[in-house]
Amino acid sequence: MGAFTGFTQAGLTFLQELRQNNDKEWFEEHRDIYQQHLLEPMRKLVEDLSQDMVVIDDLFEVRPAIGKTISRMHRDTRFSNDKSIYRCNLWLTFKRSRKNWTDAPTYFFEFGQDWWRYGLGYYSASKTTMDLFRQQLLHKPEEFLQMAKCIEPNFTIEGDSYKRPLVKEQDPALAAWYNKKSFALISAHMDMEPLFSKELVGILSKDFHRIAPLYHMLMKIEGMKKNQLALGE
């Protein structure tokens, strides 16, 4: 453990130049930079975080491999107007494997040439999932709001909301969650210095654990949904 020492300016410059030279020939000519300055540090970051992450959920996928915890560089352009071959950003995720995960929330860390962010994503939450989430909010609103303070001060709640409030004259603090179609907790940054340091591991681990109570609540909701499906409700 302790292998991650930071990303490099060479890696960020690669992402910037890839945006301008998004083709296979250029990528292959510079693949060694990608391997050395982006992929290898990302693998080390996953390795250093993995022990802490399995404390949160021992079913997390933690293998430091592309397609497991690390994003692919190739883009799927079949259904996109953007036909760029390669992504100009990288990310890692900690989530359960497919057999144990459908709509469940996902921890992530992501960066591009001049930005980085991390948090807990719930973008794929189904309507059934969000309905159950709202039921829990109404059942114990004060308890939820107390628990939700774990996102302070580093995270914001992002995601599309319904145009009209679902409950009239609801407490604004509760409505910020209740009216979401899906959501993510995101901590966004423009100061790139932390990426160049081993301290990034501690930053991510500390905040991932900080919001773990919300993760566990959401996973309980996933369990409730599975039970409903099993009973045919």
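This is a predicted model: local features need pLDDT of at least 70, side-chain atom pairs count only at pLDDT 80 or more; totals for chains, interfaces and linings use all residues.
Colleague: To which residue is R210 joined by a salt bridge, and at what distance?

Modeller: The side chain of R210 meets that of D207 in a salt bridge, with 3.0 Å from N to O. D207 has 3% relative accessibility and therefore counts as buried.

Colleague: How should I read the positions of two such partners along a helix?

Modeller: The general idea is that an α-helix has 3.6 residues a turn, so residues three or four places apart point the same way. Here, D207 and R210 are separated by about one helical turn because they are three residues apart in helix α7.

Colleague: How many residues does helix α7 have, and how far does it reach?

Modeller: Helix α7 covers residues 199-210, which is 12 residues. From its first C-alpha to its last it reaches 17 Å, close to the 16 Å expected at 1.5 Å a residue. The buried residues of α7 are L200, V201, L204, S205, D207 and F208.

Colleague: How many salt bridges does the structure hold?

Modeller: There are 11 salt bridges in the structure. One of them joins the side chains of E40 and R43, at 2.7 Å from N to O. Both residues belong to helix α3 and lie three residues apart, about one turn of the helix. E40 has 30% relative accessibility, so E40 is partly exposed; R43, with a relative accessible area of 26%, is partly exposed as well.

Colleague: Are K140 and E143 buried, partly exposed or exposed?

Modeller: K140 has 42% relative accessibility and therefore counts as partly exposed. E143 has 52%, so E143 counts as exposed. The side chains of K140 and E143 meet in a salt bridge of 3.9 Å, N to O.

Colleague: Let us turn to strands. How is a sheet to be read?

Modeller: In general, strands of a sheet pair through backbone hydrogen bonds, either parallel or antiparallel. This structure has an open sheet of five strands in the order β1-β2-β3-β5-β4, with antiparallel pairing. Its edge strands are β1 and β4 (156-158), each of which pairs on one side only. From one strand to the next, the twist averages 25 degrees.

Colleague: Over how many bridges do β2 and β3 pair?

Modeller: Strand β2 (residues 106-111) pairs with strand β3 (residues 116-122) over six bridges, in the antiparallel sense. In β3, W116 is the bridge partner of F111.

Colleague: Which backbone nitrogen does the side chain of D57 reach?

Modeller: The side chain of D57 reaches the backbone nitrogen of L59, at 2.8 Å. Leaving aside its neighbours within four places in sequence, D57 is in contact with R96 and Y215.

Notes:
Residues are numbered from 1 along each chain as its sequence is written. Side-chain values use heavy atoms; hydrogens and water are left out. Helices (H or I, at least four residues) and strands (E, at least two) are DSSP runs, numbered from the N terminus. The expected span of a helix is 1.5 Å times one less than its number of residues. Buried means under 20% relative accessible area, exposed over 50%, partly exposed in between (1.4 Å probe, protein chains only). A polar contact is a pair of N or O atoms within 3.5 Å; within protein, one must be able to donate a hydrogen and the other to accept it, and residues adjacent in sequence count only if both atoms are side-chain atoms. Contact means heavy atoms within 4.5 Å. A salt bridge is a side-chain nitrogen of Lys or Arg within 4 Å of a carboxyl oxygen of Asp or Glu. Two strands pair if DSSP finds at least two bridges between them. Axes are lines fitted to C-alpha atoms, for helices over the stretch in contact, and angles run from 0 to 180 degrees between N-to-C directions.
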